[in-house]
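Welcome! Here is a short tour for anyone meeting this structure for the first time. Take a look at the sequence and the model, then read on.

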Amino acid sequence: MAQSIPPGDIGTQPGTKIVFNAPYDDKHTYHIKIINSGGRRIGWAIKTTNMKRLGVDPPSGVLDPKENVLMAVSCDAFQFGQEDTNNDRITIEWTNTPDGAAKTFRREWFQGDGMVRRKNLPIEYNP
């Protein structure tokens, strides 16, 4: 019954925030490593506060214990100083996968009774 056990920790590199540097007249891509530090297989998904400016690839996946994935966060071109960027962030959500589940991401893992953990990574824009 994997759903009754809280998911273990994940690690991210970088650990606390994502920084994009000017100029913002072209698309920027930043790579983040997500590491499953826990002892169980997890499903993970990314949410972002600004879908039109920020993209993530891949947006979700499954990690075995001690496994990691490199994810690309992209920032499309925008008018710096003319758009509100104060609340931009990505949120990584993760939960234990059901025992015996295939290593294929399923959105419904996040909609049941299992515990979902979150990690916020604020996005900073350097002028």
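In the protein chain, 74% of the contacts with a separation of 6 or more are between residues 24 or more positions apart. Keep in mind that this is a predicted model. The chain holds 9 strands and 0 helices.

**Overall layout**

**Surface and burial**
- The protein chain has 127 residues, and 38% of them count as buried.
- Its accessible surface is about 7000 Å², with 48% belonging to carbon and sulfur atoms.

**Charges**
- There are 16 positive and 15 negative charges in the protein chain, and their mean positions lie 5 Å apart.

**Cis peptide bonds**
- Glutamine 13 and proline 14 are joined by a cis peptide bond, with omega about 5 degrees.
- Proline 14 sits in the loop between strand 1 (10–13) and strand 2 (18–21).
- Alanine 22 and proline 23 are also linked by a cis peptide bond, with omega about 5 degrees.
- You can find proline 23 in the loop between strand 2 and strand 3 (28–36).

**A residue with positive phi**
- Lysine 66 is not a glycine, yet its phi is positive, near 70 degrees.
- Look for lysine 66 in the loop between strand 6 (60–63) and strand 7 (68–75).
- Is lysine 66 buried or exposed? Lysine 66 counts as exposed because its relative accessibility is 59%, and exposed means over 50%.

Key. Residues are numbered from 1 along each chain as its sequence is written. This is a predicted model: local features need pLDDT of at least 70, side-chain atom pairs count only at pLDDT 80 or more; totals for chains, interfaces and linings use all residues. Side-chain values use heavy atoms; hydrogens and water are left out. Helices (H or I, at least four residues) and strands (E, at least two) are DSSP runs, numbered from the N terminus. Buried means under 20% relative accessible area, exposed over 50%, partly exposed in between (1.4 Å probe, protein chains only). Contact means heavy atoms within 4.5 Å. Accessible areas come from the Shrake-Rupley method with a 1.4 Å probe; for residues, only the protein chains shown count as cover. Lys and Arg count as positive and Asp and Glu as negative; His and the chain ends are not counted. The place of a charge is taken as NZ of Lys, CZ of Arg, CG of Asp or CD of Glu.
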